[in-house]
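I opened this entry to write down what I looked up, one topic at a time. The structure goes in first.

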Amino acid sequence: FNYRLECGLRSSTVLGFIGLPTLGFHLETAFMQGLYDQVAGLLLLFFLLIAVLRYWAKWQLIPIYIPIAIFVLWPENTLTLSLNTPIFYDFIPSPLRTEQTTLATTLTTTLLPWLSSLSHTQIIPGITNTLIVTQIALVFTAAMALILFPLSSKQFNPPPIRYCGHLLLVVLRSTPELIIAFSALLLWGPSMLPAIIALSIHNSAIIAHLMARHSDQIQLRIDASHKLNRYSFEILPRLHGQFLAFLCYRWEVIQRESALLGILGIHTLGFYIDSAFESFRLDVALLLIIVTALLNITVDQLSRWLRHRLHIKSTPFCRTPISGI
């Protein structure tokens, strides 16, 4: 429950970057105006919200939170149900809107050239760049998660160091990827590198946090090894199935986030979708959204097939110590 709620908080923050009045909206506004002191204050507030999540996010308190949320949001929630016909008309591919010929003629003379042009200029480059960012970020995520998770595990560190490691992971996984990527863009300029760094930092912190929590459940023998030997021969072999399961799960998430980071100017599918919306080409935007959804479904199904093929278990192997040893 707490993990999914934390994911929901991060997602609602990211949605603020497209105009919704969440914390992300105020973060982006302050960032664009150069008010970095406000950015720091808002980020600290969000970090604190995530850090104390286990204390205030209890399902027993949901009956209290729901009336409060309705009371706070009610004045601003005016819902109007109206269908704007011109908008739906704009979603129809432009060749089908302009040509008044037979369907066969339209397909061969206008629609197929339109699709071919979009494929060469937007769809294929967008898919290629999205996959490149995704796969490189996935490898970096795996490497960083293996390095970070011992910082927050009781199997390796005393409480003071664990608390510092837990705080570090809270900061890394709570900072919106768009903020990290935007900061990296200011440092290194427009390229795939800012997106890769942002996705790796964010997702590796999530996996490291989950691995650390599960490593705490492993019971070791009294004469178990220490330090690097404990990491290499005691803990990591028992968590490898869980680690691969988390990595396969985050694979599809990284895929979606790679496309989303296109709004910052990185030429993934999100870049072309954002450009289509800005130029009011809703038919192109709809086609690119469908391509993005199909790509995400493909990666998700491939991830499921790999987990089944490799017999990956989502629970750590916890061997009960033999009494008297």
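Entry 1: I began with α11 (192-215) and α12 (227-260), whose crossing is right-handed. A crossing counts as right-handed if the near helix is turned clockwise from the far one by less than a right angle, and left-handed if anticlockwise. Helices here are DSSP runs of H or I with at least four residues, numbered from the N terminus, while strands are E runs of at least two.

Before going on I noted the ground rules. The model is predicted, so local features need pLDDT of at least 70 and side-chain atom pairs count only at pLDDT 80 or more, while totals for chains, interfaces and linings use all residues. Residues are numbered from 1 along each chain as its sequence is written, and side-chain values use heavy atoms, with hydrogens and water left out.

I then looked up the geometry of the pair. Two packed helices are described by the angle between their axes and the distance between the axes. For α11 and α12 the angle is about 150° and the axes are 10 Å apart. Axes are lines fitted to C-alpha atoms, for helices over the stretch in contact, and angles run from 0 to 180 degrees between N-to-C directions. The two helices are therefore roughly antiparallel to each other. That label applies over 145 degrees; under 35 is roughly parallel, 65 to 115 roughly perpendicular, and the rest oblique.

Which residues meet? On the α11 side they include L199, I207 and M211, and on the α12 side F243, F246 and I254. Contact means heavy atoms within 4.5 Å.

**Entry 2: a second pair.** The axes of α2 (residues 23-32) and α10 come within 12 Å and cross at roughly 10°. These helices are therefore roughly parallel to each other. α2 passes α10 in a right-handed crossing. L27, F31 and M32 of α2 make the contact with I179, F182, S183 and L186 of α10.

**Entry 3: the cores.** I looked for nonpolar cores, meaning sets of buried Ala, Val, Leu, Ile, Met, Phe, Trp, Tyr and Cys residues joined through side-chain atoms within 4.5 Å. Buried is under 20% relative accessible area, exposed over 50%, and partly exposed in between, with a 1.4 Å probe and protein chains only. The largest core has 37 residues, of which F149, I207, M211, F243 and L261 touch the most other members. α8, α9, α10, α11 and α12 each supply at least two of its residues. α11 gives the most, with ten. Apart from this core lies another of eleven residues, among them W114, I273, A276 and L288.

Not counting residues up to four places away in sequence, F149 touches F156, A208, M211, A212, S215, Y231, I235, L236 and L239.

**Entry 4: positive phi.** I found K227 with phi near 55°, a positive value in a residue other than glycine. K227 lies in α12 and is exposed, at 72% relative accessible area. F280 is not a glycine either, and its phi is about 60°. I placed F280 in the loop between α13 (269-278) and α14 (282-309). F280 counts as exposed, at 69% relative accessibility.

**Entry 5: the whole chain.** I finished with the totals. The protein chain has 14 helices and zero strands. Buried residues make up 40% of its 325 residues. Among contacts between residues at least 6 apart in sequence, 72% join residues at least 24 apart.
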